[in-house]
Amino acid sequence: MKKIILALIILLSFNFSFAQDSNEKLTITFKDQNLVTAIKTIESSTSYKFYFDPTWIESNKILISENFNNATIDEILNKLLAKTDLNYVVLKNKVILTLNNTIHEKLPGNFFTDAPPETVNDQNDDSENPIFYKQLDTLSNYSVTKKSAVVFIGKENKDITKKNFTLTGTIKNEETGKPEPNIFLKVKNKNISTSTDLDGHYSLQLPRGVNVVEIKSLSHKEITKTVIVYDNGNLDIDINEKSNQLDEVVIKKKGQKTTETVISGLVSIDIEGMKNVPLILGERDILKVATTFPGIKTTGEGSAGFNVRGGKEDQNLILLDNAVLYNPQHFLGFFSAINPYTAKKADIYKGSIPADFGGRLSSVFDITTKNGNPEKFSGEGAIGPVTSNLSFGLPIQKNKSSILFGARATYSDWILKTLDDENLKNSQAGFYDGILKYNNAINKNNNLEATLYYSHDRFSVSSDSIYKYSNRLASVKWDHTFSKRHKSALLFTNSEYKFNIDYDTDDINSFDFGYKINESQLQLKFNYAFNEKHNFSYGIASKLYNISPGYQHPTNPNATLVPTDIAKEKALESAVYFGDNYKLSEKLLVDLGVRYSFYASLGESDVNFYQEGLPLNDATVIRTEHYGNNEVVKTYGGFEPRLAARYFFAEDFSIKASYDMTRQYIHLLSSNVTQSPTDTWKLSDANVKPQSAQQVSLGLYKNLKDEEYELSLEGYYKRSKNILDYKVGAQLLLNENVETELLQGEGKAYGIEFLVKKQVGKLNGWIGYTYSRSLIKLDSQFNEEKVNGGKYFASNFDKPHDFSAVLNYKFTKRYSFSTNFLYQTGRPITFPIGTYNYGGAEYTLYSDRNKYRIPDYIRLDIGINIEGNHKIKKLAHSFWNISVFNVLGRNNPYSIYFVTDPSGKVKGYKTSIFSIPVPSITYNFKF
Amino acid sequence: MKTIYKNKYALLLLLSLFLSSCTETYVLQSDTYEEALVVEATITNELKKQEVKLSKTAKLEDDGVVNETGATVTVKDDQGTVFNFKEDNGIYVSEADFQAVPNRIYTLEIKTKDGKVYQSSNETLTTENQIESVIPTVVTDSKEGRGVQIRVNNYDPSNTSKYYRYEYEETYKIIAPVYRQEKLVVTGPQTVGLEPNDPNTRVCYSTKASNDIILTTTTNLQEDRVNFPVRFISDQNYIISHRYSILVKQYVQNLESYTFRKTMKEISSSASVLSPKQPGFINGNLKCVSNTGEKVIGFFEVSSFSSKRIFFNYSDLFPGETLPPYYTDCTEEEFKFCFGFSMPTPCRGNVLIDRVNSHTITYKYNIESSFYYMVPVECGDCTSFSSNQIPSFWTN
């Protein structure tokens with residue numbers, strides 16, 4: 001754009017004498033000539049030479065018959081070009097034709113000042129302010145996300161004083177060629193809109209100048225046309241149906257979508273925009289960014305797992321390319337296991353969950369990976385203080401199939417090895433992960449995608465034990481289109497999570513301990529756009545779980561330790577679902593979904609039956625029954641209605657309500673306050689009932705200043721049943737009858753979430769505030785199964801007030817400054833309230849569970865982002881990020897714990913993870 | 001930023017390098033103190049006056065134990081026998097000798113002076129199982145270094161004991177290394193003199209009981225065979241310098257009482273920095289029947305009991321080796337016996353007299369009557385921290 005302006009300026013400044021010879025009188029006769037031959041006639045009979053793009057006039061079939069006697073060149077050209085969109089300028093003996101716009105002698109006074117685009121547009125009535133390309137430059141501020149060619153309408157005429165012009169046209173389906181009725185057209189930033197009539201015709205009154213016309217319909221791809229209006233004109237537009245209707249509810253686009261979709265409680269993370277958020281140790285982290293949005297929390301720094309709307313850590317379905325990722329974090333939760341450079345988008349459903357998802361109570365983290373670059377080899381990477389990262393994509397068959405590869409590793413081990421301290425030298429801490437994605441657009445109706453992912457963590461807490469854990473997942477997706485309206489996807493996924501503790505001492509009883517979960521799922525999804533009003537989605541899924549709940553094998557052949565292998569667990573979880581996205585009216589959209597899930601716990605196993613009405617323990621076993629391989633031990637199942645509705649009060653103001661029921665058949669066993677990598681997953685069986693939850697939510701969504709600001713206010717109330725908890729000090733590992741250690745209780749959570757988001761402008765970011773509570777009740781007729789007297793008490797992650805602000809200010813295109821501020825109520829803690837003497841030693845008497853709170857959490861991070869220069873041709877595009885984590889240096893307690901020391905005294909300790917400001921610098925590059 | 005330098009905290013240390021984590025002591029506060037009854041009641045198959053200890057919980061900042069006085073304590077069996085207990089200095093002792101016998105059901109009932117009634121669940125005697133042997137061996141542990149590992153062995157062919165709790169009582173001979181025939185006494189305001197020392201202050205015997213919870217289980221072993229390290233003593237510990245004796249007491253537990261103690265032990269020693277264990281109230285087998293909301297801590301256990309005592313000398317295990325360092329550092333201290341001003345060595349006559357009077361130093365030797373060389377009192381007089389009574393069970 002700048003080049004054109006420069007050319008114009010040069011042209012203007014070197015030809016100050018333009019049109020000085022236009023007084024020369026010419027005599028020419030045209031007879032049934034078209035414009036091309038007419039110009040040739042002028043060129044051959046005069047000294048004028050024409051400069052133009054032949055395509056502009058080839059289509060002009062108007063025949064000219066005219067006699068000019070002693071006319072000036074201006075008079076001739078005015079006549080010739082009257083019925084075209086062409087303008088001209090005469091420079092000595094050169095005639096330059098231009099399409100639509102005229103060439104101006106002077107630039108308007110405000111050309112180089114940064115007048116806001118609105119002002120420029122509002123001055124359309126002032127013919128002293130012609131329309132320049134510069135306005136198009138400013139279009140980037142309109143956040144036009146779609147590629148849009150500029151269309152010129154009419155012919156610029158300096159004398160026209162009309163403010164508004166009529167743009168008419170027909171909207172047609174590109175494939176069928178049929179006119180599309182009821183297509184909504186809206187002019188961005190202006191209160192102008194219309195819809196096409198039955199023949200696909202439309203008519204818009206547009207002001208002179210730049211207008212961005214958005215063409216929208218639920219069943220079609222959104223199109224944005226940038227038009228420069230000089231006069232009345234015609235613009236026919238071809239539109240396409242949405243190519244993949246299946247993803248319709250999944251894809252969340254920016255802008256109007258938040259108010260428009262039927263889904264409430266959806267957080268979409270813009271992975272590209274994430275690069276400006278300040279970093280911890282230089283790592284870009286999708287999941288950390290997620291926790292700055294209302295309703296998504298963690299128990300603390302360094303705790304694995306998330307708490308979504310008052311739900312436990314195990315109630316989140318974390319999907320990476322449709323496959324379950326069991327442990328999404330590295331290094332005990334300090335880093336996320338998802339490579340931010342290969343991820344495309346992350347959608348987090350915390351409110352209404354579409355019926356095609358199931359199996360967890362609280363949320364779905366739907367993370368998808370990018371495809372490799374289908375045209376050429378390209379990649380990006382980052383070098384940080386703790387890890388380095390590299391990803392690249394390359395085509396296999398150009399524009400058809402490609403692969404993407406990403407890998408990441410730490411060098412912490414190397415740092416440790418170089419240390420002098422004996423303990424640290426023997427310590428280990430390291431992780432790596434890698435992802436490989438293949439995609440193949442086989443043909444118009446078939447598309448194949450496959451992903452392989454592996455992550456590995458290793459650390460040693462003491463010199464004699466090494467902890468390892470790893471995630472492995474594979475997923476294949478085949479999209480097939482039966483017809484434009486009927487589409488399907490077939491998915492196969494397999495995930496494995498395992499951990500292992502290698503306990504190697506001088507003692508003969510050194511051992512190897514391990515755990516493994518493996519699941520495979522086959523899923524078939526359909527989407528059928530029945531008609532204008534109904535869009536059906538339905539499908540079936542079945543998942544097989546295999547768990548090795550633990551083994552302990554002595555490593556020394558002389559060991560007296562018996563090798564222990566806890567019996568394997570197996571189960572099949574299946575579901576069918578049906579959903580109807582039903583558009584009752586322009587304003588009211590409902591999504592009626594229902595899922596029926598069915599679960600069968602399978603043998604081979606020995607199942608204990610306990611005496612009814614007594615607490616489960618070894619003494620109350622009345623019989624043990626053996627079930628053969630694949631024999632059904634116990635079944636559970638039930639309907640899971642998922643209802644959502646959206647109503648537009650105004651075009652930019654909507655209300656949404658939803659009711660959701662979810663069921664979960666797999667539970668995470670953790671006797672710790674926070675999730676740790678050695679927690680084990682347990683399947684529901686004859687003695688452990690599945691969890692279920694019901695949530696109602698209501699939200700208000702409003703866009704201000706034409707989508708510059710997005711506001712949302714959401715409230716929810718959730719009840720859950722059979723939430724798993726444990727007896728005090730429960731033994732969960734290597735326990736054959738782990739059900740005797742478990743308690744199942746009720747959960748109650750409610751909250752109100754407020755979010756303001758600004759995505760455009762120099763200052764952008766979001767501010768969120770949540771007030772929420774999360775309570776649990778563990779009641780029983782037996783004392784040993786009762787916690788806090790059987791009354792509701794705050795869960796470990798109940799943090800009523802939560803405020804976060806992520807703000808970024810762009811000084812220039814290259815420099816930006818970002819901050820991240822967090823405030824949270826301290827999490828609940830069970831506090832020692834007294835001591836007692838037992839057997840000669842002092843012990844601590846604890847308060848009711850979670851009766852007290854640790855101090856509030858406050859943190860401010862800052863970051864400076866420097867983009868490399870914007871030269872098009874250079875080896876790599878670079879990006880520097882300099883961050884300081886916890887600038888305030890606040891000693892935020894992560895945990896407070898109490899120990900009876902050898903002298904028998906109770907001591908309290910407070911651990912903080914990041915107690916001083918932590919600076920980091922990361923270099924990112926793209927090639 | 002105080003970081004705990006312990007092996008366990010290696011990870012934390014590691015993190016403190018990268019992540020600047022830190023652990024510091026946290027000031028305890030108890031704005032809401034809840035009083036609860038604490039019951040320690042173990043009835044055994046040993047024919048003796050059985051004991052029940054009742055105390056109350058204390059505020060965190062308070063020291064000492066407050067006993068629960070004036071309560072009525074009874075143990076009943078399923079045949080209607082009632083064993084009454086009478087209070088004796090905070091401990092309730094059965095009026096008559098009795099022992100728990102197999103296949104009877106016992107319950108404990110406590111009525112406190114403010115009228116609260118507590119009852120235990122029904123308990124039966126655990127499998128009777130004798131300690132086979134207690135064996136000391138010299139081992140080198142990677143963490144603790146070299147020392148004596150005392151292991152207890154037993155075997156239950158019926159494979160029903162499974163859960164074991166141990167207590168021990170160790171008694172050791174102490175010989176004051178700087179015992180002298182004479183001792184220094186203050187004879188006047190500025191005079192001292194030597195007198196014959198009491199020969200009974202040279203050799204002493206200290207007895208200490210274990211106070212931690214020592215548990216083991218054989219459930220993960222092929223057979224019910226215990227070979228358990230009950231006590232480890234470093235070769236640098238003065239208690240094994242001469243002759244050492246340990247009485248190992250074994251209580252066979254049932255699953256519930258084992259779990260109760262194990263939980264108590266686990267939550268009090270939870271030191272996992274990154275994911276601490278969920279602490280909470282530990283339910284025993286007692287409850288308040290008069291007010292169900294009342295908290296009571298403790299377990300009424302009916303355990304089969306067995307004990308075994310062994311002796312060993314330092315020279316048996318470490319022949320020819322030098323003794324471990326003594327209880328305290330016995331470096332001599334010089335006192336110039338004069339009063340007033342002196343150069344270059346200052347007068348310390350007053351200090352000497354004060355310390356002898358306060359019984360903090362004892363005599364080692366002197367040069368004339370101008371220099372006295374003294375050592376801490378423990379080095380010359382073992383009765384200052386131990387007892388010179390020979391225990392009745394002691395054999396040489």
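What follows is a short chat about chain A and one of its sheets.

Biologist: What kind of model is this, and how do the numbers run?
Modeller: This is a predicted model, in which local features need pLDDT of at least 70, side-chain atom pairs count only at pLDDT 80 or more, and totals for chains, interfaces and linings use all residues. Residues are numbered from 1 along each chain as its sequence is written, while chains are lettered from A and ligands numbered from 1 in the order in which they are written.

Biologist: How many helices and strands are in chain A?
Modeller: Chain A has ten helices and 57 strands, where helices (H or I, at least four residues) and strands (E, at least two) are DSSP runs numbered from the N terminus.

Biologist: And what share of chain A is buried?
Modeller: Of the 927 residues in chain A, 40% are buried, meaning that 20 or more other C-beta atoms, placed from the backbone, lie within 10 Å of the residue's own.

Biologist: Switching to sheets, what is the order of the open one with β2 in chain A?
Modeller: That open sheet of three strands in chain A runs β2-β5-β4 with mixed pairing, and two strands count as paired if DSSP finds at least two bridges between them.

Biologist: Which strands are at its edges?
Modeller: The edge strands are β2 (49-51) and β4 (86-91) of chain A, each of which pairs on one side only.

Biologist: In what sense do β4(A) and β5 of chain A pair?
Modeller: β4(A) and β5 (residues 94-99) of chain A pair in the antiparallel sense over six bridges, and within β5(A) the residue opposite Val90(A) is Val95(A).

Note on methods
Buried ≥ 20, exposed ≤ 12 C-beta atoms within 10 Å, placed from the backbone.
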